[in-house]
Amino acid sequence: MQVQPNGELKVLDRLIIFDTTLRDGEQAPGASMTVTDKLHIAGQLARLGVDVIEAGFPISSPGQREAVEVISSDVSGPVICALARAVPGDVEAAGNALRDAPRSRIHTFIATSDIHLAAKFDSPRYGRTLSEKRESILKMAVEAVRHASAFTDDIEFSAEDAGRTDIGYLTEIFRAVVEAGATTINIPDTTGYTTPSEYAEIFRQVRRDCGFGSDIVMSTHCHDDLGLAVANSLAAVSVGARQVECTINGLGERAGNAALEEIVMALRVRSDVFGVSTGIDARYLTETSKTVELASGHDVPACKAIVGANAFSHEAGIHQDGVLKERATYEIMRAEDVGNEGETIRLGRHSGRHGLFGRLDRLGITVADGDRDRVYSEFVALADRKKEVYEEDLRLIAEPLRQTTHEPRYTLEQIHVAVDTGDEPSAVVTVKNSQSGLETEYRATGDGPIDALYGAIDGAVGEGHDLLSYDIRSITRGADALGEVEVSIGSGSKRYYGKATNTDVIMASASAYLEALNKLVVYRSDVESVEFVASGIMQSFTGEGIDA
Ligand code: KIV
Ligand code: ZN
């Protein structure tokens, strides 16, 4: 529903969201996913509320076929779709793989642009001249659609490289496939070549020249080679396209496909412009993005719209001040609307007093008027040294009680990590407790060198910790590159961060872990018991504790 300027309610047209993360998305170099991953993603897409899941291209590999079969039988809600070239073997493979789907679609395609016809159909059996080739392609398309109708009555036809196809030929082939039984006609900008106005014009001409009724859905499918995939998809929607093909995180061949999350939120935030609605429950967008990021191994850039780590973060003082007074000053949608529950005010070197004291307020830390200047200047000094200032850093600065315990409780005196072929990785560390003066050496083995190292540190301090995250990245280039390690460890509902940089990633990993550990010790309420345990009583560990 939309409230019109005259106050009347208008029922919005319903747009079909066709997700092709598992098919076109998986074509991104290095993104191939296991059948289990795909089933998991398909379940998540169903929860998200997509209308169609393109689950794979069954003829292309046994893994693709299996993924389509499993998703067809196990995922309910969306229509399950399989891709097929316009040849009988492909259509049969697609139809068979979809057998168990309560609602299935066969998506058949063939290239239609002159450049594709000349290069891909150069054999004389398709004809010698361009017009003979066009005729053969049209026949193949029609036959594939007829063949598909033996399996399902939901048939989509795509004219591959439609963005560069002669418009007269495009309308001719669309009329023919619809006559043969296609119910969705897809107009892919396969190479990401068109501009929004050009792409919209193709839809206008197809609609005008083919004269389809509302029973035939016109669909967009845009690639992002010029960064225009989302803009082109939306331009098509504004002239009557009622299906958008897209992928989570914009994953896909080359520069990727139109990003589902961007399309959905653009349509929602600017429903005044587009006047269409979707069945997507946007609160699942962040979670779905993370699922695909993990399964595909393609990291989402921090600045990515909607689902990037910084998409809803404010660091600049002026922005933080504005948002704290009125969110709408710098936010056109709310982080929680897309399922992002993270902190939106990020404290760093660009933050101002409002951001700092606003956060302290939310943490329940009251700073006396007389202390505010000191706290602010300590924060600025720390922010200059660190990229981001975390909650525990703030507590250190702002809570007077904590300031007496600035000196780290634990320091690393010695470290030795061994990885030998055939042997379990092992680590021996010596950790000094600055309060008791006691040095404890501990040896542990683990699944890998870091696991062994953290096991040894835990043993030396006398308690185990949950490693909640471990991130390592190279921050300079070359063989002597600096590695930056960021870890977080948990205790109850709290999370403590540590970060360190070193050319030796093992040293960086150890220092980051100890930093997090030292913060935990400072902030936990049962300081006494930590001291007791850390002074050498280590009954709960499997490694060997050796008091030095
Ligand atoms: O980009 C493209 O043309 C495709 C088709 C198979 C629809 O992915
Ligand atoms: Zn594509």
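I began with helix H6 of this predicted model, where I found Tyr169, Leu170, Thr171, Ile173, Phe174, Ala176, Val177, Val178 and Ala180 to be buried. I then looked up what these buried residues pack against, and noted helix H5 (130–148), strand E8 (155–160), strand E9 (184–189) and helix H7 (196–210).

Next I checked the helix itself: H6 covers residues 167–180, and its 14 residues reach 20 Å from the first C-alpha to the last, close to the 20 Å expected at 1.5 Å a residue. At the start of H6 I noted that a side-chain oxygen of aspartate 166 comes to within 3.2 Å of the backbone nitrogen of glycine 168, and just after the helix I found glycine 181 with a positive phi of about 130°.

I turned to the sheet, in which eight strands close into a barrel in the order E4-E5-E6-E7-E8-E9-E10-E11, with parallel pairing. Neighbouring strands of this sheet are turned by 25° against each other on average, with direction ignored. For one pair, I looked up strand E6 (residues 79–85) and strand E7 (residues 104–111), which pair in the parallel sense over six bridges; arginine 85 has phenylalanine 109 in E7 as its bridge partner.

I also noted two helices on the sheet. Helix H3 (residues 88–97) packs there, touching E6 and E7, and its direction makes about 160° with that of E6. H6 packs on the sheet too, touching E8 and E9, with its direction at about 150° to that of E9.

Last, I looked up the domain assignment, which gives domain 1 (10–296), domain 2 (317–405) and domain 3 (410–534); the centres of domain 1 and domain 3, taken over C-alpha atoms, are separated by 49 Å.

How values were computed: Residues are numbered from 1 along each chain as its sequence is written. Chains are lettered from A and ligands numbered from 1 in the order in which they are written. This is a predicted model: local features need pLDDT of at least 70, side-chain atom pairs count only at pLDDT 80 or more; totals for chains, interfaces and linings use all residues. Side-chain values use heavy atoms; hydrogens and water are left out. Helices (H or I, at least four residues) and strands (E, at least two) are DSSP runs, numbered from the N terminus. The expected span of a helix is 1.5 Å times one less than its number of residues. Buried means under 20% relative accessible area, exposed over 50%, partly exposed in between (1.4 Å probe, protein chains only). Contact means heavy atoms within 4.5 Å. A polar contact is a pair of N or O atoms within 3.5 Å; within protein, one must be able to donate a hydrogen and the other to accept it, and residues adjacent in sequence count only if both atoms are side-chain atoms. Domain bounds come from an automatic or database domain assignment. Two strands pair if DSSP finds at least two bridges between them. Axes are lines fitted to C-alpha atoms, for helices over the stretch in contact, and angles run from 0 to 180 degrees between N-to-C directions.
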